[in-house]
Amino acid sequence: MKLWRPSLPPPQQNFAGTNSRYPTTEYIAIVGFLKIPNIEVNHALKKRALFSIPISLLLIAGIVASFILINIKPSKGDVSQAQRLNEYTKPAVVRIIDYALVGWQFNDYNPEVEAVLEQLKYQTLIGGSGSGAIISADGYIVTNAHVVEYGKMADQEVADAAFQQLVTIMADHFQVDYNTAYNYLVAYTLYTEIKRVTKVILPGGDVLDGEIKSYGAPINQGKDASVVKIEGKNLPTIPLGDSSDVQNQDNIWVSGYPAAADSDLLSPNSSLVSTMNAGQISATDKKTDQGSPVIQINAAATHGNSGGPVINEKGQIIGLLTFRGDTVNGQEVQGFNFAVPVNTVKEFVNQAGVRNTKSETNRLYKEGLELYWGGYYKHALDKFEAVQRIYPNHSEIKEYISNSEEKMSKSKMLWSDYATFFYIGDGVAGLLVLILLVFTFASGSKNKAAAAVLPAAGPGVNMGVQGPTPTVPPTPEMNLNDLNKDGKVDIQDLLIALQEQQKKQNKDGNSE
């Protein structure tokens, strides 16, 4: 009996390039099965992103804002450069008094002369005052050599200078000419002792003994520079600059204690306040007769300014005032003064073994001033009180503490005070951002991976991606072998098996 069998069309290529009978509805079903999960995954990802991304952006904005706030520098306030330099430096500008007491023995019987000597306590005081600047926290001071010259004079020189003063006193008292008084006293007067004294008066009012550590020579004898030491710690200081950088017409300020600023009309405490005068460099390459370099300046100065610091725009010492120009018709003419360059001064600083370093007092005081001028009175008060703890006799600190306390209610906020809280908050915010990103994208990736696995449950179909032909595992009903000898059992082996089976069926049918 001849059996009816459906005829099979020849194998044809589908869109994926595999041999199959024809594109069946089975393929269409698989395509729909793959697309539907992807749509669901994208929809879920968008829903999570709409929630997490805005929150993450807000948290990141908060982190950036906190970083900006922490790093905001206090405003400097409307304070001129000259005022800043004056406030920075004047606590370290000192007055120096150098003198000698010479005792006298009178060997003639003259009650009138003896009466004058008794008023003088048989001694004569000679000396003068000048200015100086502290350059180290432990009490080293730079000044002129001629400011402290009595501490280095030979005894005979001191006695001669004191004797000339004694002669002048007697001539004025008895209304005789100088030579008459000199000839009389030189015959009957001898000096018995000499006592030298160097005192340093700090701006805060302390009067301390000074010791000369290195010494040049007075004007027209050598380099007019010296270093004096006082006992102290945490003293305010002024840094030394470099006079080789000085240019003509540079702005400078001269600080010190000019005698012209002293007056009987002023209070005693006014003598503790230094004077600062502005000017410019007039010439940089002049020298004394001995060949020592000097800098010419046009800032006003007079007796008492000697040894005072000449300060540049950086607040550094670039010289020490040493002498003025010649008088005109017996009168001083301002605007023609000279300074010892700081590089010359450094020679004697090095001889004394001094290191020019900033003190903790300087740092705290300057930080306090910057905060005070910026309106941060609460924070300035903390700095000023710290200065007072380590250096109680600071000349300016009491007034600034009082002013800061009065203005406390107007104090600005300084965000850097809350840096610790900002750092903690930024850490928490950063962690939340990380969690939100993981929640959004890691979950979506898992769903996509699950969707990609789903088609494996259906027939193996190449979805247009070039690659190896899917392998069809043998089933119990059809135990396939590697019929085309390509090393794998795949759909080609299935087709060969079907073709062989069809041939066999055709053969059997023909035989019936």
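**Entry 1: contacts and overall make-up**

I began with contacts, meaning heavy atoms within 4.5 Å. Among those in the protein chain between residues at least 6 apart in sequence, 71% join residues at least 24 apart. The model is predicted, so I noted the limits: local features need pLDDT of at least 70, side-chain atom pairs count only at pLDDT 80 or more, and totals for chains, interfaces and linings use all residues. Residues are numbered from 1 along each chain as its sequence is written, and side-chain values use heavy atoms, with hydrogens and water left out.

I then listed the secondary structure. The protein chain has 11 helices and 15 strands. These are DSSP runs numbered from the N terminus: helices are H or I with at least four residues, strands are E with at least two. Of the 512 residues, 38% count as buried. Buried is under 20% relative accessible area, exposed is over 50%, and partly exposed lies in between (1.4 Å probe, protein chains only).

**Entry 2: the barrel**

Which strands close into a barrel? I read the order as E10-E11-E12-E15-E14-E13, with antiparallel pairing. Two strands pair if DSSP finds at least two bridges between them. Neighbouring strands of this sheet are turned by 45° against each other on average, direction ignored. For angles, axes are lines fitted to C-alpha atoms, for helices over the stretch in contact, and angles run from 0 to 180 degrees between N-to-C directions.

H2 touches strands E10 (251-256), E11 (275-287) and E13, and its direction makes about 95° with that of E11. H6 packs on the sheet too, touching E12, E14 and E15, at about 45° to the direction of E15.

**Entry 3: strand E14 and its partners**

I followed E14, residues 317-324. Is this strand mostly covered or mostly open? It is mostly covered, with 6 of its 8 residues buried. Strand E13 (residues 309-311) runs antiparallel to E14 and is joined to it by 3 bridges. Strand E15 (residues 337-341) is also antiparallel to E14, through 5 bridges.

Leu320 is the bridge partner of Pro309. In E15, Val340 is the bridge partner of Leu320. The hairpin of E13 and E14 has 5 residues between the strands, and Gly315 there takes a positive phi near 80°.

I also checked E12 (residues 293-297). It is joined to E15 by 3 bridges, antiparallel. Ile297 has Asn337 as its bridge partner in E15.

**Entry 4: the open sheet**

The open sheet has 7 strands in the order E7-E6-E3-E4-E5-E9-E8, with antiparallel pairing. Its edge strands are E7 (207-209) and E8 (211-215), each pairing on one side only. The twist averages 35° from one strand to the next. E8 and E9 pair over 4 bridges in the antiparallel sense. Ser214 stands opposite Val227 in E9. Helix H5 (residues 178-188) packs on this sheet, touching E3 and strand E6 (189-201), with its direction at about 105° to that of E6.

**Entry 5: the nonpolar cores**

A nonpolar core is a set of buried Ala, Val, Leu, Ile, Met, Phe, Trp, Tyr and Cys residues joined through side-chain atoms within 4.5 Å. Which residues touch the most other members of the largest core? I found Val142 and Ile317, out of 33 residues. Elements giving two or more residues include strand E5 (140-143), E14 and helix H6 (342-351). H6 gives the largest share, 4 residues. A second, separate core has 19 residues, among them Phe163, Met170, Ala171 and Ala181.

Not counting residues up to four places away in sequence, Ile317 touches residues including Val142, Ile238, Leu240, Pro309 and Val342.

Thr143 is found in strand E5. Why does Thr143 count as buried? It counts as buried because its relative accessibility is 0%. Leaving aside neighbours within four places in sequence, its contacts include Ile96, Ser131, Gly132, Asp224 and Leu320. Its side chain reaches the backbone oxygen of Ser131 at 2.7 Å. The C-alpha atoms of Thr143 and Gly132 are separated by 4.6 Å, though the residues are 11 apart along the chain.

Ser359 is found in the loop between H6 and H7. At 5% relative accessibility, Ser359 counts as buried. It touches Ala137, Leu235, Pro236 and Thr237, not counting residues up to four places away in sequence.

Methods
Polar contact = N/O pair within 3.5 Å; in protein donor to acceptor, adjacent residues only side chain to side chain.
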